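Trainee: Could you take me through the aromatic side chains of this model, please? I would like a close look at how the rings pair up.

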Amino acid sequence: MRISRSKPRGMSRRALALAAAAFLALPLSACGSGQDGGGSTDASGKVEGDITFQTWNLRANFKSYFDGLIADFEKKYPDTHVKWIDQPAEGYADKIGADAAGGTLPDVVNVSPDLVAPLAKAGLAMDLDKAAGKYRSEYLDGAWASHRIPGMSGTYAFPWYLNTGPLFYNKSLFEQAGLDPDQPPKTYDDLFTDALKMAKQSDGKVATLANVPTIEDFGRYGVELMDKQGTGFAFNDAKGVQLLTKYKELYDAKALDPQALTATPESSGKKFLTEAVAMNPGSALDLDNFKKQAPNLYKNIGITDQITSTGHVNMYVMGVMVNSRTKHTPAAVAFAHFVTDAQNQMSFARKVAIFPSTAGSLDDPYFTKEDGTDETRVRIAAAKSLKSAVNYTPVLFSDQMKTALRNEVAKALQGKESPKTALDNAVKACDQLLQQEG
């Protein structure tokens, strides 16, 4: 997938689900031989055969890395041959769906959790708890769990690279509000207290936040987002209502920026740049921007973890799935593991601003030792928080569902609906979308 500090957007998951379902309707003779018309989950045999590996918009920037990776694998296993396919970012889910329907899904596929979900439901993603359970301890617990599907047992992709973003805050604005600039809020309760104080002290001129709560905020607040069976959403419980009620208080007090309802990451960043907002998520690229465009802000910048009341920040994760219909299970599983093992993930992380999902890798000096640069400051802060991070976004939560939640949150903040009614409506809309996509 194209490398980004934010979560990759899900694309046409409805189309992917339909195509995967269509694939199941094909005659089994079109699917090869073996279990359910395909390969076996037994990866213990000889690693041999020709396999295909598909990535998501990575060839342009990382061709030499993947050429070397494949050459190393083929050297280790001389009886294998890996054909690398790279697909453009646009229409990636549709391409996977078409391949699933046509019986041409590659043996090893770069996926995000929301893309693997319909394939797993259709029986096209191999259960790695069965096929590769011996490797599980090599990965961070939260990363391995990120490709599990509610209502199903099993794990359906190796975790690959992770991303998260620390939170920037303006120490000067905290100090002006009578808050300790070296003790930024850690939990949502801290945040609500500090934000209301800052709004009061500045007479509503300085907001602490520029963004409305998203599904990740509900997760970090400790709300149960979905039932265990994966049949319905649950973020309209008492804790969810409590969170939205608190955001309504912030909005009324101008502790939440009045333009938060229509904010984009760019507009929120601009508010932070002009010191109208005290806290904002960001990356090393933003720090460089502050240094050039807002030296006063840069001089007073603080870096802290994401706000969380669970003790675990949110992470975004990419994965590597094995096609359950592969005719070369040992080779496909071995290659998917090879791509995501500690050595190769560490090598990839040194080329681009991502983080390994392998246990122990984040203790490497590259992620722990300061060298005086802004890039390293942010990398160290993010790596530290990732060790126990969780992918809060439910794998079944689509872009349409995000829009439904955002619309209802806006109504609650504007006073058009109570927080309880807004979340009830959001859950109802998301449940309906879930049934359509299932």
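Predicted model: local features only at pLDDT ≥ 70, side-chain atom pairs only at ≥ 80, totals over all residues.

Mentor: Happy to! Residues are numbered from 1 along each chain as its sequence is written, and side-chain values use heavy atoms, leaving out hydrogens and water.

Now to the rings. Those of Phe, Tyr and Trp (its six-membered ring) pair if their centres lie within 6.5 Å; planes under 30 degrees apart count as stacked, over 60 as edge-to-face and the rest as tilted. By this rule there are 31 aromatic pairs. Take Phe73 and Phe335: their ring centres are 5.0 Å apart and their planes meet at 75°, so this pair is edge-to-face. It joins distant parts of the chain, with Phe73 in helix H2 (residues 59-76) and Phe335 in helix H14 (residues 329-339), 262 residues apart. Helices here are DSSP runs of H or I with at least four residues, numbered from the N terminus. Phe73 is buried at 0% relative accessible area, and Phe335 is buried at 0% too.

Another edge-to-face pair is Tyr366 with Phe367, at 5.1 Å between centres and 75° between planes; Phe367 is buried, at 2%.

Finally, Phe73 and Phe335 belong to one aromatic cluster, whose members also include Trp84, Trp160 and Tyr161.

Technical notes
Helix = DSSP H or I, 4+ residues; strand = E, 2+ residues; numbered from the N terminus. Buried < 20%, exposed > 50% of the residue type's maximum accessible area, 1.4 Å probe, protein only.
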